[in-house]
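Trainee: I have the model open and would like a close look at one part of it. Please take me through it in one go.

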Amino acid sequence: MQRSIVIIGAGPAGMAAAIEAVRRGCRVTVIDEGPRPGGQIYRQPHPALHGEDFAEPSELARKHRLIDGFQAVIDRIDYRAEANVYAVFPNGEIHLAQGDRTEVLRPDAMIIATGVREQAIPFPGWTIPGVMFAGGAQSILKAQRVLPGRNVVVAGCGPLPRVVAAQILRAGGSVAALASLRSLRAMLRYPRSLWCGRDILREGLRYEWTVLRARVPQFTGYVPVRAIGGERLEAVALARIDAEGRIVSGSEREIACDLLAINYGFVANSELAAMTGAEMRRDPVIGGWVAVTDAFGRTSVPGVFVAGDSAGLRGALVAECDGTIVGAAAAVPSTAVDGAALKTNLAATMARRTRHLEFQQAVRATLRLPDGIWRIVTDDTLVCRCENVRFGEIREALESGHRSLNAIKRNVRSGMGWCGGRTCLHAIASLAEAATGQAPAEMMTPRPMARPVPFAAIARQKRAAAE
Amino acid sequence: MTKEKFDVLIIGAGAYGLSCAWWMAKRRSGARILVVDEGEFASGASGRNGAGFRMQWGLDLNIRLCQESTRFFETAAEQLEYPRGIELKQDGYLVLAHSEKALAALKGSLEVQHRYGVPSELLSADDCLKMVPALGRNRLVGGTFCGKDGTISPFLLLDSLLKACRREKVDVRYGTRVEKLERNGGGFRALVQDGPIEADKILLCTDWAVPELLASLGLNLPVKSLPKEAIVTVPCTPRVKPILISLEHHISVNQVNRGSIVFVVSRAREGKEIASTPDFLAFASQKIIDLLPGVADVPVLRTWGGVSSLTPDMQPILGETEIEGLYVAVSSFRGLMTSPAVGRIMSALILENDTNDPVLTQLTPRRFKTGDLIVEPLLNQE
């Protein structure tokens, strides 16, 4: 009997898992939100759009090698583009919406490869049009081949803001300032990591060179503390903050811009994993709450695997290796995963993953947010954009003894709106930790729907016969 | 281990538990009151229900409990010194009949309601459709409407009660689970993780979970758990002004001020599971579209579940058990809407042994032994 595997997400991990599972003779379904495979990092433009890509050639080569590999097996995959998984259940059911109908799948194994989203630290004015995520700005460049802004300030931590600044410059935009919470020199403390990641490092240095050559004003240790503007962003105030999160007096400076692109690291798209009942753990540096997984991506729920960044941020190279390993593990019965044969079989990929993971040690050092950073959030800063909840209300709920995300939600409605808390919950967890000294023990109870779906589509449901 | 002693221990910090505590504290009798709850704020059935209150019942006792409670909700902001208010909305309840039999039951109930001065009226199917154009015409034969029925925010009611209780020095503790009750001379001992709590009197407000604690004292009460599931949509244009109840569909519908529509959909199930069930969404969506075709295009935002209590006659249980000093208040799925009246009645009973309210005779826990069950005509249609 052919094993059935459903893979959720067609980014590096999902594509690699699909290629491997098909190779091992499984019946594979891939469900992806995007119109074309690639995910966020390997996002493909509409085929009718031409023009330059501003990424490094070696990076593009990696992207196309993987996408081509996926395309080569796509005829043997039940590939669902522009489809949403809106619920998964502990019994292994996957509910997806596609067009005007829904469908229930119940495969032998599911691989959740849903990646990460960007993290924001709310600050006064962050909801003014013209403030966006750095990755979002990059997506506009990648997918639509247009400049997201003419005069851009890029801010945040880790490598992404620097890459985005360089790509905006290469596309002909101007970068008014690049503010970094931490200097990339933090990576120098990990020489072994840097050696393992020397290929990636070379790409990074080329981006750095683009930024340096353009003489972009750089502000290390600065964060945006205020966005200025009404209908549109006009300027941003950058400032240094001390360990308590207070603005260092005299450090504030205003910079005119029409786009502020921010990235403070990433949050794992782990809601589906949590819905299956899988054991979760929290690590703010690699994505907040992530499923506890073993080397083969197995969660605490039999038949449920997580691969790639949604199991904790580790970048596209690790995600691709991870996809191959998890795809192989899902393709065999659980007892075979523990056998020696599979390990031997996957030895080369596992070694490669270890090497890429080693480099992530250095990246992690640049992503760790300084103590006190969450104190830039003032009482009247909007934290939950869907329900219009300001930090002051959340602080009051915390002071009244409501410490869990569920209890805070029931008090102030944070996380009850359109996005289901995807934007604000991790920020609220970190804010609670900063305010009370203790992080909430659990994520907000994840419930259907992961994405809104109309009644009509839910009522038109196709249910696969039990296997 | 520290030993603590209180005059009254209330177990369960839902609408019943907190309301009873507040009414007791309001008497300023000097009684030391402790409320414990195993969960967090609003994590039980009171924080999970459809938020409605109505006076449209077929039985005098339900009408009276809800009339008194409605008057309380109308002035809750002042009474509980909660300026933000509890999001009181009185756009009325429209109870729908999809069969002549259901319509006859509605007419019968209307007569009782009018005897108590409830401003309810009979509507034809056309009237119903005029009031809610999104309704389906299929099988609809009519309904009754009362403009004073409405909704409150369960979270805000619970928060206002919690704050008012704490102002009156009631000790309210979440995350405190009572494992077992023991008798202790004339009083009781409740075993919790941090040590025993002694109390002269105990009031159980844990609804469907009441039998577990009673069992530790050798008592039993025929209370079952009834899991229900709810759906909330994304905010949409106004489509459903009054709250709807369909006796045939077992659905209640409430479009809240921010535009989201809340559906509570019941089906025969057992258990204590609050997690959403895999087949619920498709089941509920088909029923909802049959009842309200005008919402078919509205996206569902989220689902959730809750567990309410079910008694053999589907009526609440209020009063003292066979053990002196041990009281129960079980809501039978109308806890939020009756909580103000129940709080007042139970506080008078427990602190002053006031048994004058006729509701206490009708809803006594002893009725299951004597067989004096009560029939609510509207519920028997559901």
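Trainee: How far apart do the C-alpha centres of domain 2 of chain A and domain 3 of chain A lie?

Mentor: They lie 26 Å apart. This is a predicted model, in which local features need pLDDT of at least 70 and side-chain atom pairs count only at pLDDT 80 or more, while totals for chains, interfaces and linings use all residues. Residues are numbered from 1 along each chain as its sequence is written, and chains are lettered from A and ligands numbered from 1 in the order in which they are written.

Chain A is assigned domain 1 (4-117 + 267-345), domain 2 (120-264) and domain 3 (377-436); such bounds come from an automatic or database assignment. Where domain 2 of chain A meets domain 3 of chain A, the contact takes 6 residues from domain 2 and 7 residues from domain 3. Two residues are in contact if their C-beta atoms, placed from the backbone, lie within 7 Å. The domain 2 side has 5 nonpolar residues, 1 polar and no charged. Here Ala, Val, Leu, Ile, Met, Phe, Trp, Tyr, Cys and Pro count as nonpolar, Asp, Glu, Lys and Arg as charged, and the others, Gly among them, as polar.

Chain A also touches chain B, in a contact of 22 residues from chain A and 26 residues from chain B. The chain B side divides into 16 nonpolar, 6 polar and 4 charged. Helix 6 (154-167), helix 8 (280-291) and strand 16 (299-310) of chain B each give two or more residues to that side. Helices (H or I, at least four residues) and strands (E, at least two) are DSSP runs, numbered from the N terminus.

Strand 16 of chain B pairs in the antiparallel sense with strand 23 (residues 453-454) of chain A over 2 bridges; pairing requires that DSSP finds at least two bridges between the strands. One bridge partner set is P454(A) with P299(B).

Within chain B, strand 9 (residues 178-184) and strand 10 (residues 187-192) run antiparallel, joined by 6 bridges, with V178(B) opposite V192(B). These strands of chain B form a hairpin with 2 residues between them, and G185(B) in the turn has a positive phi of about 60°.

As for chain B overall, there are 11 helices and 18 strands. Of its 382 residues, 52% count as buried, that is, 20 or more other C-beta atoms lie within 10 Å of the residue's own, with C-beta atoms placed from the backbone.

Conventions
A residue is buried if 20 or more other C-beta atoms lie within 10 Å of its own, exposed if 12 or fewer, and partly exposed in between; C-beta atoms are placed from the backbone.
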